Amino acid sequence: MEVEGSAGTPAGQWSHLQRLLTRSGPLAHPEFQPSAEILELLRDTLRVLVVGAGGLGCELLKDLALMGFGSIDVIDMDTIDLSNLNRQFLFRQQDVGRPKAVVAAEFIHGRVPGCTVTPHFCKIQDYDEVFYRQFHVVVCGLDSILARRWINGMLVSLLRYEEDGSLDQGSVIPLVDGGTEGFKGNVRVILPGMSACIECTLDLFPPQHNFPLCTIAHTPRLPEHCVEYVRLLLWPKENPWGEGASIDGDDPAHLAWILERAQERAAEYGIVGVDYRLTQGVVKRIIPAVASTNAVIAAACATEVFKLATSCAAPMNNYMVFNDVDGIYTYTYEQERNEACTACSQRPAPLAFPSDARLETVLEHLRTAPQYQMKSPGVTTAAADGRNRTLYMATVPSIEQRTRPNLKKTLSELGLTSGQELAVADVTTPNTVLFRLELSDV
């Protein structure tokens, strides 16, 4: 007969973890010291943040709770939709319309005694560095590259460096990132400031599918064409949220506006199938998820979190791909740091242009270059008197209107010189990105 342990949990509930953590083995990390206290640390001290409570997030919460983690936070801004129920197994039909983070936390509390899950029903951008600094490991189950980049930038911003430039490893918060696309997936372990981060390998993300503009504008045949027509042509023309405002795929008001216009377009051409789910999928570039792939990738992520937290085995170094389209294939390799990374390098990235290049050309480069892929970059620089001078800012209508004439000016006309630093702000990162301008003669 089992005797109950602390917090009402059966005494033998964690016996399998005790066997793993109280003895060494051939796969153990060289610094691993077997001890019964490791489980206590896992249960009572370590805090893990799960970003996303969707298909991957539900699997992650279940796995981490059953692996002994006693304090988990989960952050997600979405509510439960009926279409989620086929793969996000922590939810039931009566939960439709409720916040994913809240329902997921309630479910784990009811199934895994002694595990405390704290929900945060909000955007990741709603919290500052004080919030993120309290966690020991962050694990992402996201469907958005932009959100991944933002979390990556936040963890990089928390790094501290000694006077000699060496990294204070006590400031490193590991990031475990998982992603799925149908029957394919990947897992990566990122030690900010030490290994390749999200921005280091941004150019390796697969290109997004785009429809020919001529088809979208003149001969639409698919419901996706109608949504893309509104996104690419009507939005910048009508500016429903003000001049220069970008589309937020997570804002219900933005999606409702696009949906209404897309349905009008679809009715004009006799096209059916334009609904809210399709509109959101096109705007956010969502690829249908497969439950089995989510389970495999989440399990791999949770295993890496466990290894990082306990040192019972060496963490993966540092990127794993998974493919079960034709059989099962996995491969692990090391992604190398980019010394010119705009996020984790300690010096401004070079930005080379001829002196007669227009400012709008520079901004377009920041938006389209594979290594940058910014959304709405705003640029400031230091004037001769030392004050910050805004060259262009799209996100604030009043500033955008005032700085719009600068777009047509050349860099020399703006008084910029080689070696001058440009500070670029963008929604892809919580931090200002510094570039060093390198001008050449025409």
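Predicted model: local features only at pLDDT ≥ 70, side-chain atom pairs only at ≥ 80, totals over all residues.
The chain has an average pLDDT of 88, and 95% of the residues score at least 70. Among the helices and strands, strand 1 (residues 48-51) has the highest confidence, at 97, while helix 7 (residues 213-218) has the lowest, with a mean of 82. Please read residues 1-7 with care: their pLDDT is below 50, and beyond near neighbours in sequence this stretch makes 10 contacts in the model.

Five strands form an open sheet in the order 11-15-14-12-13, and their pairing is mixed. At its edges lie strand 11 (349-354) and strand 13 (388-392), each of which pairs on one side only. From one strand to the next, the twist averages 35°. Helix 12 (residues 359-368) packs on this sheet and touches strand 11, strand 12, strand 13, strand 14 (421-425) and strand 15 (433-440). The direction of helix 12 makes about 140° with that of strand 11. For a look at one pairing, find strand 12 (residues 378-382), which runs antiparallel to strand 13 and is joined to it by 4 bridges. Ala382 has Asn388, in strand 13, as its bridge partner.

Now move to helix 8 (residues 223-238), where you will find Glu228. Is Glu228 buried or exposed? Its relative accessible area is 1%, so Glu228 is buried, the cut-off being under 20%. The side chain of Glu228 makes a polar contact of 2.6 Å with that of Arg231. Setting aside neighbours within four places in sequence, Glu228 also touches Phe211, Ile216, Leu233, Val282 and Arg285.

Last come the charged pairs. Side chains of opposite charge can pair when their charged atoms come close. The structure holds 17 salt bridges. One of them joins Arg404 and Glu400, at 2.9 Å from N to O. Here Glu400 is buried, at 2% relative accessibility, whereas Arg404 is partly exposed, at 35%. Another salt bridge links Arg98 and Asp95, whose closest N and O atoms are 3.8 Å apart. Arg98 is partly exposed at 30% relative accessibility, while Asp95 is buried at 10%. Glu260 and Arg261 also meet through their side chains, with 3.6 Å from N to O, and Glu260 is partly exposed, at 42%. Finally, look for Glu59, Lys62 and Asp63, which are linked in a network of salt bridges.

Technical notes
Residues numbered from 1 in each chain as written. Heavy atoms only, no water. Pairing = 2+ DSSP bridges. Helix = DSSP H or I, 4+ residues; strand = E, 2+ residues; numbered from the N terminus. Axes fitted to C-alpha atoms, helices over the stretch in contact; angles between N-to-C directions. Contact = heavy atoms within 4.5 Å. Buried < 20%, exposed > 50% of the residue type's maximum accessible area, 1.4 Å probe, protein only. Polar contact = N/O pair within 3.5 Å; in protein donor to acceptor, adjacent residues only side chain to side chain. pLDDT = per-residue confidence, 0-100. Salt bridge = Lys/Arg side-chain N within 4 Å of Asp/Glu carboxyl O.
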